[in-house]
Amino acid sequence: MKFPRSSGILLHPTSLPGRFGIGDFGAEAFRFVDFLASTGQRLWQVLPLGPTGYGDSPYQCFSAFAGNPFLISLEKLRQDGVLSAADLEGGPTFPGHEVDYGSVIEFRAPLLKKAFENFKLKASSKDWNEFEAFCQQNTTWLEDYALFMAVKEAHGGAVWDQWEPAIAVRRPAAISQWSEKLGHEMQSRKYWQHQFFKQWSALKQDCHRYRIKVMGDLPIFVAHDSADVWAHPDLFELDPQGKPTVVAGVPPDYFSATGQLWGNPLYRWNKLAETGYAWWIERFRAILTMVDIVRLDHFRGFEAYWEVPATETTAINGRWVKGPGAAFFQAIQEALGELPIVAENLGVITPEVESLRERFGFPGMAVLQFAFGTD
């Protein structure tokens, strides 16, 4: 796909200023769009927008499809009538130049729960119909995500392979029992997702009003402690107890003498191929409703990836394993058409990786400080 010459700014919404400890989809986000327009920018690049897990990294999310509920604007919920001005008073004094995720979660989570309770009491039939339509449109991932998060909370936040065995391995009777037991909690999670996507959609539309495109980010790997791995264990390299047997990383290079051990479970690409890469097609379909351009993280991993035994403490003792290659991108394009992808091809890149990128016409990336010389 051809991209017109343009410039933009990378700024994750969490970095926006705001009253409540973290940037969100409220007034400051729209003010940033105004700034982009006034300075002639045509791109707003963001990091992944999913619900962050351990370490609060957007590259270790509880879902590859869901949105981070802590990006929901509380002020907009107040304007919608599900929170009051009094609800937003009396919070802690948040740091001015960084996000203290612990205090953000402690302050925001009860307010999100209260917003859902008030929605149930006050929502018009139109509001309920919109909510139910959202749930229906996103049924392929939303049900699993809502149950995953509700069961996780019921287990004190434990990783899913530490849950009660029956629900950890998704026995049908356990799914039914926990879904009935935690129906209220599941519905609240779905409501937060509805609000996330409703607010994000309004912000994206404002970008389009100024002819600004949103450039999103699609991590190649997902977190082990995620709804995706729990719901689709057959697609990942796991042992019978649900623990990874091999994990992702990169070998030693000029950044690290021991490489980088990311710890994400690796895909069973043969299983994904048998389905026509159906899970990945849905993942691309989902992100393309959220953003206009996709930065495809760790592109080289689709040609070959560094596989490390899960028992290792560094990435030194790994090996290169061939990825799905051209067949993967061919299947995605046949399902979804030409893809607005920018390949993240930084690091030590082989001719095979560049050949794959060029075959599909994906632009690559260059870092200004060291991309145009040898000094």
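The model is predicted: local features need pLDDT of at least 70 and side-chain atom pairs count only at pLDDT 80 or more, while totals for chains, interfaces and linings use all residues. Residues are numbered from 1 along each chain as its sequence is written, and side-chain values use heavy atoms, with hydrogens and water left out.

**Exercise 1.** Determine which helix holds Phe 30 and which residues Phe 30 touches.

Solution. Helices are DSSP runs of H or I with at least four residues, strands are runs of E with at least two, and both are numbered from the N terminus. Phe 30 belongs to helix H1 (residues 27-38). With contact taken as heavy atoms within 4.5 Å, and residues up to four places away in sequence not counted, Phe 30 touches Phe 25, Lys 76, Ala 202, Leu 203 and Asp 206.

**Exercise 2.** State which element supplies the largest share of the lining of the largest cavity.

Solution. H11 does, with four residues. Strand E3 (213-218) and helix H11 (278-290) each supply at least two lining residues.
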